[in-house]
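Here is a friendly walk through one protein model, with an eye on its strands and aromatic rings. Have a look at the fold before reading on.

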Amino acid sequence: MFTTTGSRGLYKAPLSKGLLLVLNGLTVILTLLPQYQELFVYNLQAVAQQHQVLWLLCGRLVCLDVKDAFCSSLLIYNFRIFERRFGTRKFASFLLGTWCLSALLDFLLAQAFQFLFDYEVEELPAGLLAPVFSLFVPFYRLIPRMPVTQVLGYIPITNKSLVYIVGLQLLTSSPFMWLLALSGLISGVLYHSNVLWLPKLLFVPAWVSCIGRYILEPLVSSSQPSSETPVGMGATLDIQRQQRMDILDQQQLLAQYNESTRNTRPQPQSGFLQWTRLFPSLRQRGQNRPPMQPHPQAQPQPSTQPPLLDNSPAEDQVARLVEMGFSRTDALEALRASNNDINSATNFLLQH
């Protein structure tokens with residue numbers, strides 16, 4: 001399965017939804033009208049020698065192969081979590097920056113391949129492929145790895161395994177897809193690591209973001225998730241089923257985390273002497289200590305003041321959310337807002 005990003009579809013991910021609709025729609029149209037496919041061929045020689053910038057733009061946006069379009073769409077849908085977490089403008093800036101960097105790296109890697117193996121690379125697979133491969137960099141760094149099961153008892157399967165399998169399928173779909181994958185990964189590392197202050201040089205301007213927010217976003221934005229609609233106010237069976245799916249997603253996320261922490265607990269010491277039994281920890285000492293007899297002469301007076309409520313989040317709950325990939329500040333705010341309910345806090349962080 002894909003990473004646990006909630007079953008909320010493309011809510012708060014208008015750019016991802018727009019890319020899926022427009023790019024896949026153009027792929028279907030070009031499949032039905034093959035006479036126009038030559039305008040979207042990613043030809044390096046035509047771009048370098050004839051300076052056909054339009055071919056560069058079209059060839060690096062629309063996929064001509066249906067298999068490439070399908071795999072890249074699956075990856076874009078899964079990577080929509082970054083648009084939710086960082087915002088549409090930062091997500092668009094990342095795609096724009098990696099698109100420009102990977103375009104330059106495509107020509108450099110093609111020249112290096114020709115110099116080493118005396119083979120000229122003329123065409124590369126068309127589509128928004130290099131920026132999609134660049135998203136594997138934040139996916140590897142920011143999304144926590146949680147074990148799900150094991151195959152044959154030795155091969156671990158995590159919540160990120162299927163995403164890597166889809167990426168491997170996309171990598172092996174064309175002979176020179178490895179060149180686009182390499183340029184995408186290099187550009188993703190450079191942009192995500194803030195090398196040479198690239199995020200400050202290649203970004204989406206604020207005025208472009210405002211135009212997209214007020215003109216384009218209403219056209220492609222998804223409706224509010226049904227889990228936030230009251231069940232008793234005329235909700236349909238689809239809404240109730242969607243709410244159950246959200247609850248199951250959260251429970252599965254917590255179960256995976258608990259399973260991973262249970263597997264990493266320290267095993268008992270082996271040897272002739274087990275020091276943990278001879279010298280228990282301070283917490284165990286406090287639990288095993290016999291109750292002290294109250295002194296008869298010291299009778300506490302009943303207090304008229306109400307007990308103070310400690311609403312501070314527990315440290316283990318904060319640690320769980322931090323290991324899931326959220327910042328400590330966001331985890332504390334979510335736990336305070338949800339009255340220290342880790343299920344509600346996790347749901348709140350995934351929505352925002």
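Helices (H or I, at least four residues) and strands (E, at least two) are DSSP runs, numbered from the N terminus, and two strands pair if DSSP finds at least two bridges between them. This is a predicted model, in which local features need pLDDT of at least 70 and side-chain atom pairs count only at pLDDT 80 or more, while totals for chains, interfaces and linings use all residues. Residues are numbered from 1 along each chain as its sequence is written, and side-chain values use heavy atoms, leaving out hydrogens and water.

Strands S3 (residues 147–151) and S4 (residues 155–158) pair in the antiparallel sense over four bridges. Pro 147 has Thr 158 as its bridge partner in S4. Three residues lie between the strands of this hairpin, where Leu 152 takes a positive phi near 60 degrees.

Now to the rings. Rings of Phe, Tyr and Trp (its six-membered ring) pair if their centres lie within 6.5 Å; planes under 30 degrees apart count as stacked, over 60 as edge-to-face and the rest as tilted.

| Pair | Centre to centre | Angle between planes | Type |
|---|---|---|---|
| Phe 136 and Tyr 164 | 6.0 Å | 20 degrees | stacked |
| Phe 139 and Tyr 164 | 5.6 Å | 70 degrees | edge-to-face |

Phe 139 in helix H8 and Tyr 164 in helix H9 are 25 residues apart. One aromatic cluster is formed by Phe 79, Phe 82, Phe 86, Phe 133, Phe 136, Phe 139 and Tyr 164.
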